[in-house]
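Thanks for coming. I will go through one protein chain, from the overall picture down to single residues. Please have a look at it before I start.

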Amino acid sequence: VFSPSEIQQAINFGYRAIKLFPASLLGISYINHIKAAFDPVPFFIAAGGMKTRDINLWLSNGYGAIILGRELIKNYQIDQDLEKWLKGK
């Protein structure tokens, strides 16, 4: 979903997890601006334009999960930032 009305419609359909797309266009603080309008607040997933180096930043700003895509593998190698994150460094 993209807009607050789409989020509300998804909640009305019974969805408890909401994928925001494209999250990079909406911005990292988007859910902080809109979540007060929703009760209960759904589990938000950020997707679209996510960078591995920003995983912790997005998660610490209220997103329950992020979806990574084409940035994960470059030149047939796993992204180094993702490897570091997985190892906890």
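**From the whole chain to single residues**

The protein exposes about 6,100 Å², and carbon and sulfur atoms supply 55% of that area. Accessible areas here come from the Shrake-Rupley method with a 1.4 Å probe, and for residues only the protein chains shown count as cover.

Before going on, what kind of model is this? It is a predicted one: local features need pLDDT of at least 70, side-chain atom pairs count only at pLDDT 80 or more, and totals for chains, interfaces and linings use all residues. Residues are numbered from 1 along each chain as its sequence is written, and side-chain values use heavy atoms, with hydrogens and water left out.

Now the overall layout. Along its principal axes, the C-alpha trace spans about 40 × 20 × 20 Å. The protein has 5 helices and 5 strands, and along the sequence they follow the pattern α-β-α-α-β-α-β-β-β-α. Helices (H or I, at least four residues) and strands (E, at least two) are DSSP runs, numbered from the N terminus.

How much of the protein is buried? Of its 89 residues, 30% count as buried. Buried means under 20% relative accessible area, exposed means over 50%, and partly exposed is in between, with a 1.4 Å probe and protein chains only.

On contacts, which are heavy atoms within 4.5 Å: among those with a separation of 6 or more, 54% are between residues 24 or more positions apart.

On charge, there are 10 positive and 7 negative side chains, and the centres of the two sets lie 3 Å apart. Lys and Arg count as positive and Asp and Glu as negative, while His and the chain ends are not counted. A charge is placed at NZ of Lys, CZ of Arg, CG of Asp or CD of Glu.

Next, the sheet. In which order do its strands stand? The sheet is open, with 3 strands in the order β1-β2-β3 and parallel pairing. Strands β1 (17-20) and β3 (65-67) are at the edges with a single partner strand each, so one side of each has no neighbour in the sheet. From one strand to the next, the twist averages 25°. For such angles, axes are lines fitted to C-alpha atoms, for helices over the stretch in contact, and the angles run from 0 to 180 degrees between N-to-C directions.

Two strands pair if DSSP finds at least two bridges between them. Between β1 and β2 there are 4 bridges. Here Ile 18 has Phe 44 in β2 as its bridge partner, and Lys 19 stands opposite Ile 45 in β2.

In β1, the covered face has Ile 18 and Leu 20, and the uncovered face has Ala 17 and Lys 19. Strand β2 is mostly covered, with 4 of its 5 residues buried.

Which residues does Ile 7 touch? Leaving out residues up to four places away in sequence, Ile 7 touches Val 1, Ile 18, Leu 20, Tyr 30, Ile 34, Phe 38, Pro 42 and Phe 44. Ile 7 is in helix α1 (residues 4-12) and is buried, because its relative accessible area is 0%.

Last, the backbone. Most residues other than glycine have a negative phi, and most peptide bonds are trans. The bond joining Phe 21 and Pro 22 is cis, with omega about -10°; Pro 22 sits in the loop between β1 and α2 (23-26). The bond from Asp 39 to Pro 40 is also cis, with omega near 0°, and Pro 40 is in the loop between α3 (30-34) and β2.

Is Tyr 76 buried or exposed? Tyr 76 counts as exposed, because its relative accessibility is 84%. Its phi is positive, near 65°, and its place is the loop between β4 (73-74) and β5 (77-78).

Finally, Gly 69 lies in the loop between β3 and β4 and counts as partly exposed, at 43% relative accessibility. The C-alpha atoms of Gly 69 and Gln 9 are separated by 26 Å, and the two residues are 60 positions apart along the chain.
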